[in-house]
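Please read the following report with the sequence and the model side by side. It goes through selected contacts, strands and rings in turn.

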Amino acid sequence: KIPLKLNSSLRTYDEQLNLRKQNVKDKTKVNDLAYLKTALSSNFNPQTGAPGFSNHQNGRAIDVNTGVPAVYKWMVTNGLKYGFVRTVASERWHWEYLPGILQFAYVPKDHPTWDKLA
């Protein structure tokens, strides 16, 4: 058995805004609402979508405990069978439910962020 754990799933607008406050690289911007709402995701660590634009807000994205190697391997091997794909190349934990349109969102296994599954 592989113990899949959801670390994050559906988020409200306010939860997404609070996550950006938490993840903002330039801590002088933590209370700058205009910046938090409009800054590029790359200004946050880890990258964090703007409120109103995150796929966590529409219920499509989940974050899974892929820091456990067996979980990541299971997701790579089986996620597609259930409609889940990695859509953010730099985030092994971020998966989205995209049944039927996988060819448009799939991060290829030869991408440098994919683990070797030999």
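The charged end of Lys29 sits over the ring of Tyr35, 5.1 Å from the ring centre, and Arg92 lies over the face of Tyr72, at 5.7 Å from the ring centre. A charge is taken to sit over a ring if NZ of Lys or CZ of Arg is within 6 Å of the ring centre and within 35 degrees of the ring normal.

This is a predicted model, in which local features need pLDDT of at least 70 and side-chain atom pairs count only at pLDDT 80 or more, while totals for chains, interfaces and linings use all residues. Residues are numbered from 1 along each chain as its sequence is written, and side-chain values use heavy atoms, with hydrogens and water left out.

The predictor's confidence in each residue is given as pLDDT, from 0 to 100; the chain has a mean of 86, and 85% of its residues reach 70 or more. Among the elements of the chain, α2 has the highest mean pLDDT (98), whereas helix α4 (residues 102-105) has the lowest (56). Where pLDDT is low, the predicted coordinates should not be read in detail. Helices (H or I, at least four residues) and strands (E, at least two) are DSSP runs, numbered from the N terminus.

The strands come next. Strands β1 and β2 run antiparallel and are joined by two bridges, and Ser8 stands opposite Asp63 in β2. Strand β2 also runs antiparallel to β4, with three bridges between them, and here Ile62 stands opposite Trp95 in β4. Two strands are said to pair if DSSP finds at least two bridges between them. From β2, Ala61 and Asp63 point one way and Ile62 and Val64 the other way, and all are buried; buried means under 20% relative accessible area, exposed over 50%, and partly exposed in between (1.4 Å probe, protein chains only).

In helix α3 (residues 69-78), the buried residues are Val71, Tyr72, Met75, Val76 and Asn78, and the buried residues of α3 pack against β2, β3 (84-86) and β4 (94-97).

Which place does Arg11 have in the chain? Arg11 is found in the loop between β1 (6-8) and α1 (13-23), and Arg11 counts as buried because its relative accessibility is 12%. Its side chain makes a polar contact with the side chain of Ser8 at 3.0 Å, where a polar contact is a pair of N or O atoms within 3.5 Å; within protein, one must be able to donate a hydrogen and the other to accept it, and residues adjacent in sequence count only if both atoms are side-chain atoms. Leaving aside residues up to four places away in sequence, Arg11 touches Gln16, Leu19, Ser54, His56, Gln57 and Asp63, contact meaning heavy atoms within 4.5 Å.

The structure holds three aromatic pairs, and two of them are set out here. Rings of Phe, Tyr and Trp (its six-membered ring) pair if their centres lie within 6.5 Å, and planes under 30 degrees apart count as stacked, over 60 as edge-to-face and the rest as tilted.

| Pair | Centre to centre | Angle of planes | Class |
|---|---|---|---|
| Trp74 and Tyr82 | 6.1 Å | 15° | stacked |
| Phe84 and Tyr97 | 5.2 Å | 50° | tilted |

Because Phe84 lies in strand β3 and Tyr97 in strand β4, their pair ties together parts that are 13 residues apart in sequence. Phe84 is partly exposed at 21% relative accessible area, and Tyr97 is partly exposed at 40%.
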